[in-house]
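Subject: Structure for you to look at

Dear colleague,

Here is the structure I promised to pass on. Please open it alongside this message, as the notes after it are meant to be read with the model in view.

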Amino acid sequence: MSAQIKSSAPPAALGPLQWLKKNLFSTWFNTILTLISLGVIYFALKGILHWVFVTANWDPVAQSLKKFAVGLYPVEEIWRIGTILAMVSTLAGVSWGVWRGTVRTFALALAAGFIVIAVLPFDLYPPNGDPLDLLVRVGFIVLPVLIALGFLLGWKVPIKGSLVLLLWLLSFALAMVLLSGFRDSELLPRVSTNDWSGLLLTFLLALIGIVASFPIGVALALGRQSRLPVVKIFCTLFIEMVRGVPLVTILFMASIILPLFLPEEIRIDRVLRAMIGMTLFAAAYMAENVRGGLQAIPRGQYEAAQAVGLTGFQTTAFIVLPQALRAVIPAIVGQFIALFMDTTLAIIVGLLELLAIGKAVLQSNQAWLLRDKEVYLFIAVLFWIFTYAMSYASHRLETALGVGER
Amino acid sequence: MSQSSLTRVFYRKGVPLWRDVVVLQWIAQILSAVLVLAFLWFFVSNVLRGAEVRGLSWSYSFLKEAAGFPISESVIPYDEAQTFGYAFIVGLLNTLKVSLVGVVLATILGIIAAVARLSTNWLVSRIASVYIEIIRNVPLLVQLFFWYFGFFQRLPPVQEATALPGPSYLSQRGLYIAWFKPTSTFWLWMIFVGVAIVAALVLYFYLSRYQVQTGRTTYPVATAFAVLVVLPVAGWFLVGDNPLASNVPVLGKFNFDGGLRVTPEFAGMLVGLVVYTGAFIAEVVRAGILAVHKGQFEAARALGLTQMQVLRLVVLPQSLRVIIPPLISQYLNLAKNSSLAILIGYADVFFVGRTIINQSGRAVPVFLLIMAIYLTISLVTSVIMNIYNRRVRLVER
């Protein structure tokens with residue numbers, strides 16, 4: 001008995017040499033593979049490092065940070081974006097205090113990101129030596145403090161999770177109002193959507209697409225599962241037609257054909273048109289994801305709900321949808337990530353999102369014309385950080401909600 | 001009497017009309033139909049009115065007018081005197097060209113990356129993971145810009161072209177590779193090739209059926225392959241002159257002569273699409289291989305199958321069933337993503353369609369045509385996929 005227990009004890013951790021032997025040099029074939037890989041890594045790293053630190057000229061990136069961040073947004077109105085950041089930071093802190101867990105990682109990452117920006121050895125606010133540069137840096141130092149204060153608030157004061165969610169939605173609406181301002185207002189003059197650009201526009205396109213496509217997608221999915229043939233046919237047609245064509249055509253349709261579809265009097269803003277196109281596109285894909293979840297709900301759930309006397313609406317809202325959505329969280333987050341990356345296509349209809357700003361930066365200075373690699377690599381790294389953070393969050397969310405465990 | 005029949009109309013089965021599920025469902029359907037149709041009618045009438053104001057008739061007859069714009073590359077001969085319709089086909093063929101070549105290369109890259117990621121060699125699997133995680137998390141358009149503007153446009157000018165083995169040359173004008181030129185005997189030789197393909201297919205099906213029916217080993221794959229190689233080789237010597245002459249690029253005064261030219265636009269598009277889609281295909285393939293239960297490997301090994309046989313006869317058939325549907329949707333994504341070509345100037349169907357819109361001013365008809373083409377591609381693919389799915393389901397118990 002005791003011998004058996006002994007033999008089933010976990011094997012001792014491998015020593016470094018054993019580990020090397022097991023994972024890299026177990027057979028002659030593996031040894032060759034390892035040596036080839038080492039060679040590839042050596043030459044690739046050498047080339048890349050040499051290019052990054054010697055050949056590359058990072059001036060176009062370092063001197064255009066403000067452009068990449070907010071693009072053409074008027075300089076005297078940038079305080080609005082600062083206000084929004086402060087709002088987001090505080091809320092992130094509160095969410096950390098209330099929910100803990102994964103949110104902590106994000107709040108901390110956000111704070112770290114702000115601090116990194118604050119101490120960047122480049123001009124945040126060209127031209128050189130502008131006193132505003134210091135102000136912006138101080139602002140970025142204050143933001144982590146706000147996160148900490150928010151955390152204390154959320155930690156000490158009992159706040160309901162639903163209230164925090166509501167606050168997020170409210171802050172979103174408030175942010176939109178702040179960004180666009182009012183016509184004929186002294187304090188908050190209108191900022192034309194043509195000036196919304198850079199990372200700011202990329203975030204806006206993605207956020208609005210995500211927020212708006214979600215309910216539409218759920219509705220379409222329910223419609224496609226409906227027992228009413230007419231509703232079902234319309235929803236299916238819409239979903240399949242949108243999914244059958246590239247996003248480029250949808251965006252184009254929204255920007256060029258949509259104005260033809262509407263009478264002369266109705267003029268929709270350029271940015272808004274792109275947002276509509278993107279939302280409809282994302283909604284069709286969202287619908288298919290949600291449908292996958294709906295199909296996974298066993299019939300017994302419907303029957304049980306009916307047996308306890310719930311109406312059709314109640315069954316859908318309280319029994320079916322919560323389970324269906326929980327089952328497809330990974331797919332939905334994947335969809336959001338795809339939408340975030342797809343915002344780059346807005347360049348096709350002339351919006352100045354991050355990638356378009358990159359192009360503009362390259363053309364803004366004769367000496368930078370040949371620096372495409374640097375600029376596009378910088379943009380790629382920015383996107384990578386955000387998308388990687390999102391997929392990390394989705395993994396954590398999956399484990400937290402126990403998706404796939406039942 | 002009349003009142004009671006009226007009551008019966010309103011209280012069918014004892015349920016008031018406004019609470020009868022059947023009636024309510026009909027009302028909902030009619031309402032939604034009316035709503036959607038009204039929307040469509042509103043759109044269409046506006047378009048028609050707009051077209052009338054601009055004096056454009058609603059027809060596709062403009063497709064017969066001369067195009068009058070150049071297209072940078074084309075599979076079939078094209079010049080500006082050709083019609084809009086012909087230009088459109090040129091664009092469509094370019095889309096198909098980049099999609100087909102892209103699909104083949106991306107599949108190869110994806111399988112290699114998937115196998116590498118599953119490798120027991122720690123370093124190899126790390127390299128594959130890094131490739132997949134980086135590529136999947138960066139927008140395709142950024143990658144396309146990087147490849148095209150950052151690499152293919154920054155190549156040396158023609159006179160200083162980088163020589164690669166082949167001989168082939170890489171320069172701003174694109175990649176010139178040594179290729180083949182058909183000679184007078186080419187078509188004669190092609191008959192041999194055609195016969196070889198047909199014979200190989202017939203032999204393969206006949207022999208494998210014979211093997212299934214009688215249980216005798218007939219080597220269908222090896223036989224078919226042998227026929228496929230032997231007949232064309234024999235034909236090569238039988239037709240007399242070499243059916244294919246080599247066509248080597250030679251540097252002329254301003255550009256290269258001869259060889260096969262791969263334009264920078266096509267190359268940028270292809271590299272971007274292949275590297276991007278390859279990472280997604282790698283994940284699809286990996287999931288498929290992992291989906292095969294470990295016991296299947298072990299059971300097959302226990303039966304005495306060799307490693308190759310285990311893969312070919314046990315693992316692959318099962319994992320293919322998991323792999324094929326998402327793989328096809330990746331192929332479709334690649335085809336749809338090829339529409340980004342407009343941003344780097346590759347003349348695909350969307351790019352040409354856009355130019356036709358600018359030239360002819362008929363946005364809506366051209367647009368419907370473009371959408372119809374993409375929808376057809378999707379539809380055909382999904383029909384094929386459904387047929388395949390039905391077949392693999394039949395193979396199941």
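Two strands are taken to pair if DSSP finds at least two bridges between them, and that cut-off is the one to keep in mind for the sheet described below. Please also bear in mind throughout that this is a predicted model.

With that definition in hand, one place to begin is B:Tyr176, whose bridge partner in strand 10 of chain B is B:Arg261. Strand 5 of chain B, which covers residues 174–177, and strand 10 of chain B pair in the antiparallel sense over three bridges. Both belong to an open sheet of four strands in chain B, where the order is 3-4-5-10 and the pairing is antiparallel. Strand 3 (162–164) and strand 10 (260–262) of chain B each have a single partner strand because they stand at the edges, so one side of each is left without a neighbour in the sheet. From one strand to the next, the twist averages 20°.

Turning to chain B as a whole, its secondary structure comes to 12 helices and 10 strands. The radius of gyration of chain B is 29 Å, whereas a compact globule of 397 residues would have one near 21 Å. Taken along the principal axes, the box filled by the C-alpha atoms of chain B is roughly 100 × 70 × 50 Å. Of the 397 residues in chain B, 28% count as buried, and, among the contacts in this chain with a separation of 6 or more, 65% are between residues 24 or more positions apart.

The domain assignment of chain B gives domain 1 as 2–46 and domain 2 as 84–138 + 264–395. Taken over C-alpha atoms, the centres of domain 1 and domain 2 of chain B are separated by 47 Å.

Lastly, there is the contact between the two chains, to which chain A gives 41 residues and chain B gives 43 residues. On the side of chain A that touches chain B, the elements that give two or more residues are helix 3 (28–55), helix 11 (229–244), helix 12 (247–261) and helix 18 (372–401) of chain A. Helix 18 of chain A provides the largest share of that side, with 10 residues. By class, the side of chain A that touches chain B has 30 nonpolar, nine polar and two charged residues.

With best wishes

Conventions
Residues are numbered from 1 along each chain as its sequence is written. Chains are lettered from A and ligands numbered from 1 in the order in which they are written. This is a predicted model: local features need pLDDT of at least 70, side-chain atom pairs count only at pLDDT 80 or more; totals for chains, interfaces and linings use all residues. Two residues are in contact if their C-beta atoms, placed from the backbone, lie within 7 Å. Ala, Val, Leu, Ile, Met, Phe, Trp, Tyr, Cys and Pro count as nonpolar, Asp, Glu, Lys and Arg as charged, and the others, Gly among them, as polar. The radius of gyration is taken over C-alpha atoms; the globule rule is 2.2 Å times the number of residues to the power 0.38. A residue is buried if 20 or more other C-beta atoms lie within 10 Å of its own, exposed if 12 or fewer, and partly exposed in between; C-beta atoms are placed from the backbone. Axes are lines fitted to C-alpha atoms, for helices over the stretch in contact, and angles run from 0 to 180 degrees between N-to-C directions. Domain bounds come from an automatic or database domain assignment.
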